Amino acid sequence: PYAMRISCGARNDIHTPPTDTFWYRDYAYTGGRPYNATPTSYISPPLKTLRFFPLADGPNNCYKINRVPRGHYSVRIFFALVSGLNLESEPLFDVSVQGTQFYSLKSGWSSVEDQSFAEALVFVPDGSVEVCFHSTGHGDPAILSIEILQIDNRAYFFGPYWGQGTILRTAQRLTLGTGKPAFDEDYKGNHWGGDRFWFGVQTFGQGGDKHISTERKIKKVSGGPNYYPEQLYQFALISTDSQPDLAYTIEVEPNKKFSVWLHFAEIDQQVTGVGQRVFDVLINGDVAFKDVDIAKMSGDLFTALVLNKTVVVSGRSLTTTLHPTKGKHAIINAIEVFEVVRAESRTLTDEVKALQSLKKAMGLPVRLGWNGDPCVPQQHAWSGVDCLFDAHRFKWVIDGLDLDNQGLGGYVPKDIAKLHHLQSINFSGNSIRGGIPSTLGTVTSLETLDLSFNLLNGSIPESLGLLTSLRRLNLNSNFLSGKVPTGLGGRLLHRASYNFTSNAGLCGVPGLRKCGPHLTVGAKIGVAVGVLILVLLILICSICCWKRRQNIIRTQQMAARDAPYAKARTNFMRDVQMGRSWENSRTAADNGPHLLS
């Protein structure tokens, strides 16, 4: 099975004794600060570092582990104290997994062995596990380790409400008849069991029971889907003559649902067959199982039997009682109690991504704690975010953003339009720059838009005039320019409250200056394109003229360079021609007739 163990705050991968357990280093999963750890329990992993989350870093901090195969997982978190810092010694905070809060640390947890960790069984349908820690104002959350251990997809099936809509929180897990606590790994259990921790209980107290054990092999164990270790059934508690009933009580939160798992094996050598030990199982006084005969129901002696019952507890205690009806004594080997927690519906994925884009673009400070799911747990929704439950999709959506006077900068991203259910946006009193995205005009449900007292520039998008539900628009005290869209200016008489003042460049509505000749956006684009073409033509002509001039200059230079040679050649040709003329004249005189008188 898949297994991911993170040693929080560790810079390197490590192995820990006694089972040579491998722990991954804590790198790039979350924020917070690494520091030295002081474990609070001997059952805690022997790790030396932790990660704690100061309130200055925000109230919500999360580990998100990606590339986790889809399936069923045991998620376990160990807590610790920060060593050496002058912090509150015992922080109290809430823990959630996959957006559902399942555990709250109680005062005194650091001195109670089985309260040093929280464990939940969850389904992972989307390939990632998100574990979050939520500050409650009582110290900074400090985390020693996180374990994500795959278990069988049908593990701890308890009935019709079991499945992806349910999380099982481990409330109690006891191995009875031995005072030695152990993990499944110590019992050499099957890895598909999730390396459960069993708290050892040697007696329920008051001398009303005794412990027994055996070394004989137990049948029908280590099988799916729960894969219990065999040693779990080799120890047991038996009632006595002075106290025939066996009873165990745990404190619980009222009005919660709990799944109780009871483990039996008839390992008492005094019982040799069916019918010799029969008892009823009562949960808070109500009969859950009647006439339990372990040897009969399991099929033999030294054979494992597991019974499960899910009940709603209205009070603050859950008591399991074994009452003998045949034979004098009852017997039990182990008990598991899980709180059944209804999994919260998550926020639509596209809207979560849009908020993350907004967080990055506007530079939201970490103190706002925008980590995890924006809307759940409902007790720890993101600051400045209003959520609405969509009953048709069974998802949460964002219907309001209230981030006025938060010291924000950056710009308003186009992706804000992916928050299709927004009814109100208030970003006033910040230092937001850039333009108003035209995509806001597609958020048809928008009723209030307040971007006043920022550093916005550019024109007001025409698309805002399409928001027929818009009743309040504050754009005052910015650096906007141009004409107010006709769709907005024409609605001022229809019970709408718009404020465009203190924008020196705006015009076109009462209270602002009159506009001069106004061009539409298309005309402005046309003019810009025309000017660009003219500039290109001028540039091309200039280049051509320049090249022609360069050619003329180059030709003149060549002519000047060749002039002396041309003159010499001309004189030579003239001399040649004159010489030839003289020779011709003499020849004619020599060869012609003599004119004698």
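Q: Let's start with charges. Which side chain does Arg-76 meet in a salt bridge, and what is the N to O distance?
A: This is a predicted model, so keep that in mind throughout. The general idea is that side chains of opposite charge can pair when their charged atoms come close. Here, the side chain of Arg-76 meets that of Glu-119, at 3.3 Å from N to O.

Q: Where in the chain do Arg-76 and Glu-119 sit?
A: Arg-76 belongs to strand β7, residues 71-82, while Glu-119 belongs to strand β10, residues 117-124. They are 43 residues apart, and the pair links distant parts of the chain.

Q: Are Arg-76 and Glu-119 buried or exposed?
A: For this you look at relative accessible area, where buried means under 20%. Arg-76 is buried, and Glu-119 is buried too.

Q: What salt bridge do Glu-147 and Arg-76 make?
A: Their side chains meet at 3.0 Å, again N to O. Glu-147 is in strand β12 (residues 142-151) and Arg-76 is in strand β7, so this pair ties together parts of the chain 71 residues apart in sequence. Both Glu-147 and Arg-76 are buried.

Q: What about Arg-173 and Glu-336: how do their side chains meet, and at what distance?
A: They meet in a salt bridge of 2.9 Å, N to O. The pair links distant parts of the chain, with Arg-173 in strand β13 (residues 166-176) and Glu-336 in strand β25 (residues 334-342), 163 residues apart. Arg-173 has a relative accessible area of 5%, so it is buried. Glu-336 is buried as well, at 0%.

Q: How many salt bridges does a search of the whole structure find?
A: The search finds 20. The ones we walked through include Arg-76 with Glu-119 and Arg-173 with Glu-336.

Q: On to cysteines. How many disulfides does the structure hold?
A: Three. To spot one, check the distance between two cysteine sulfur atoms: the cut-off is within 2.5 Å. Counting bonded cysteines along the protein chain, the pattern is 1-2, 3-4, 5-6.

Q: How far apart are the sulfur atoms of Cys-62 and Cys-132?
A: They are 2.0 Å apart, and the two cysteines form a disulfide. Cys-62 lies in strand β6 (residues 60-66) and Cys-132 in strand β11 (residues 128-138), so the pair ties together parts that are 70 residues apart in sequence.

Q: Is the disulfide of Cys-62 and Cys-132 right-handed or left-handed, and why?
A: You read handedness from the torsion about the S-S bond. For Cys-62 and Cys-132 that torsion is about 105°, so the disulfide is right-handed.

Q: And what is the torsion about the S-S bond of Cys-375 and Cys-387?
A: That one is about -85°, so the disulfide is left-handed. Its sulfur atoms are 2.1 Å apart. Cys-375 sits in the loop between α2 (349-361) and β26 (385-390), and Cys-387 is in strand β26, twelve residues apart. Cys-375 counts as buried, at 2% relative accessibility, whereas Cys-387 is partly exposed at 24%.

Q: Which cysteine does a disulfide join to Cys-507?
A: The partner is Cys-515, with an S to S distance of 1.9 Å. The link of Cys-507 and Cys-515 is right-handed, with 105° about the S-S bond. At 5% relative accessibility Cys-507 counts as buried, while Cys-515 is partly exposed, with a relative accessible area of 26%.

Q: What relative accessible area does Cys-545 have?
A: Cys-545 has 54%, which makes it exposed. Cys-544, at 47% relative accessibility, counts as partly exposed.

Key
Residues numbered from 1 in each chain as written. Predicted model: local features only at pLDDT ≥ 70, side-chain atom pairs only at ≥ 80, totals over all residues. Heavy atoms only, no water. Helix = DSSP H or I, 4+ residues; strand = E, 2+ residues; numbered from the N terminus. Buried < 20%, exposed > 50% of the residue type's maximum accessible area, 1.4 Å probe, protein only. Salt bridge = Lys/Arg side-chain N within 4 Å of Asp/Glu carboxyl O.
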